[in-house]
Amino acid sequence: MAKLTPRDKDYSKWYNELVVEADLAQHSDVKGCMVIKPYGFAIWERMKDVLDARFKETGHVNAYFPLLIPKSYLSKEAAHVEGFAKECAVVTHYRLKNDPDGQGVIVDPDAKLEEELIIRPTSETIIWKTYKNWIQSYRDLPLLVNQWANVVRWEMRTRLFLRTTEFLWQEGHTAHATRDEAVAEAELMLRVYAEFAEGTLAMPVIQGVKTASERFAGALDTYCIEALMQDGKALQAGTSHFLGQNFAKAFDVTFATKEGDKQHVWATSWGVSTRLMGALVMTHSDDLGLVLPPELAPIQAVIVPIHKGGDGEAVVMERCNALFAELKAAGIRVKLDDDDTRRSGWKFAQYELKGVPVRLAIGPRDAEGGTVELARRDTREKSLVPFEGIASNVSSLLSDIQNGLLATSRQRLSDSIVEVDTWDAFTAALDGGGFISAHWDGTDETEEWIKQKTKATIRCIPFDGPGTPTPPAPGNCVKTGAPSERRVLFARAY
RNA sequence: CGGGGCGUGGCCCAGUUCGGUUAAGGCGCCUGUUUUGGGAACAGGAGACCGCAGGUUCGAAUCCUGCCGCCCCGACCA
């Protein structure tokens, strides 16, 4: 097991090595696709479980829609097809046959589909086609459905978790009787994402709205949570869209009101993906490997027995088993690593690489003295603690770690927001990474010019309210000097 | 699609400039012994149609032609 490339030497290389070495994922033989390994998938499952519970608490139900979508559906909503057409995988045939000229198989030309099918890049079209039949009356609303699925977007350039050709996600699709209700839903789900990011991932985010040019294809408004990675680049970690009546009109989804009028429904969609795995890695991890927040970690504490076999072994193992039972009873996700084909030093390094928050080691000396060596992954501090009261000790250590990770990344986020008022200051601030808070004249032209010139994009226009990084105050556009009502956040992003 | 890099046991790779007959080394794997409180040491062993297809040659991992694939950096995007 080689050491990882240090972050300050090559951040991108560090990331790739970490993902592979920590057993999260590996490249498959198909470009842009990855195998998510059991340990990586266990982390994704934790994300999924926590989010799924929140979706259900907020009134949503799960369903499943097909992977394959008739090509014609995609063209129903003009902006939507414009946004996705160029990255769709298309199914044209349904059968292979043996190659008559040699070995292997070829596409059977006789098995051409009458209408080509696309592999979903997102499911708005098939879902709204279906909703047309589900919705007739105001009594059918609101319709609050989520699905956990895979989607395919044929991106030019891919990176493990951050942008893969196929990725896993959830997509919520809701229908409402009024505009206000739909807007409230989109805002609610963004809050759910933000709470999840901070509470579970210990990853602070900035909530806001996208500019027109960054909006989801087919949306009237796109809300987002933006996070900051250790290298100073921003990452869009989740989005929630207010779709207006665009899809209802495109698929003719109407309902009868109490008064007997016929109206188009109002829609939202919202999603987070396995990209969150990448966000997680780049928020907390270090040169030794992954660092997982305890709320998320599939294994919160690992017990490593240390013995030389023989008589000592029984005593040590007895202690370890008791410890395991006690931690488990306290509701801690604990693993006892009693694999005696690996040495303890090797195990220590492994669990550090995999980001297990707390490690407990027990050797003959501890068994004798009634102590446990307690090591925390985030600060790498070790201490010798009494066996007595170990469960509450570990529990409070886990919450210390969770809080510590959040505090550290919060500090980094707030330190990285730089206010600038001149173009020189803007370009100077770019080198430091992080968010740049600046006035913008509100035009596409200025936004695009800045993007071309600096690769920095407007990540969002933050929401007002307590804790906003950009309290509303008028000023002048950092580029054109035209009047501006408020600051927005720029950054270079993943 | 542009620019760069690379395809050699499961993994990392030397060898390719200048062709030469058992394709080197490390990691990992298997067996044994000694070890075990921070990634063990020694000894032995298994494992390769050198990305694919042609060509040149007495002889090709190495030279020529064509193709395929992957990674990294850009443009596009969650």
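Here is a chat about a predicted model with an RNA strand B.

Trainee: Okay, where do I start? How many residues surround RNA strand B?
Mentor: There are 41 of them, and Lys31, Arg157, Arg163, Arg275 and Asp366 are the closest. Keep in mind that the model is predicted.

Trainee: What classes of residue make up the surface near RNA strand B?
Mentor: You'll find 19 charged residues there, along with twelve polar and ten nonpolar ones.

Trainee: And which helices each supply at least two residues of that surface near RNA strand B?
Mentor: Helix H1 (11-21), helix H10 (344-353) and helix H11 (364-369) do. H10 gives the largest share, with seven residues.

Trainee: What about the RNA side? Of its atoms within 4 Å of the protein, how many belong to sugar or phosphate?
Mentor: For RNA strand B that's 43%, and the rest of those atoms belong to bases.

Trainee: Which atom of Glu352 lies 2.6 Å from a base nitrogen?
Mentor: A polar side-chain atom of Glu352, and the base nitrogen belongs to RNA strand B.

Trainee: New topic: helix packing. At what angle do H9 and H12 pack?
Mentor: Helix H9 (residues 311-329) and helix H12 (residues 390-415) pack at about 55 degrees, and their axes are 9 Å apart. That angle is why H9 counts as oblique to H12.

Trainee: Is the crossing of H9 and H12 left-handed or right-handed?
Mentor: Right-handed. On the H9 side the contact is made by Leu323, Glu326 and Leu327, and on the H12 side by Ile390, Ala391 and Val394.

Trainee: What's the split by class in that contact of H9 with H12?
Mentor: Five nonpolar residues, one charged and no polar.

Trainee: Now the backbone. Is the peptide bond from Leu141 to Pro142 cis or trans?
Mentor: The bond is cis, with omega near -5 degrees.

Trainee: And where is Pro142 found?
Mentor: Pro142 is in the loop between helix H5 (124-134) and strand E9 (143-152).

Trainee: One more: is phi of Asp23 positive or negative?
Mentor: Positive, near 70 degrees, and Asp23 is a residue other than glycine.

Trainee: Where does Asp23 lie?
Mentor: Look in the loop between H1 and strand E1 (25-27). H1 is also one of the helices that supply at least two residues of the surface near RNA strand B.

How values were computed:
Residues numbered from 1 in each chain as written. Chains lettered and ligands numbered in written order. Predicted model: local features only at pLDDT ≥ 70, side-chain atom pairs only at ≥ 80, totals over all residues. Heavy atoms only, no water. Axes fitted to C-alpha atoms, helices over the stretch in contact; angles between N-to-C directions. Helix = DSSP H or I, 4+ residues; strand = E, 2+ residues; numbered from the N terminus. Parallel < 35°, antiparallel > 145°, perpendicular 65-115°, else oblique. Left-handed = near helix turned anticlockwise from the far one by under 90°. Contact = heavy atoms within 4.5 Å. Nonpolar A, V, L, I, M, F, W, Y, C, P; charged D, E, K, R; others polar. Near = heavy atom within 4 Å. Polar contact = N/O pair within 3.5 Å; in protein donor to acceptor, adjacent residues only side chain to side chain.
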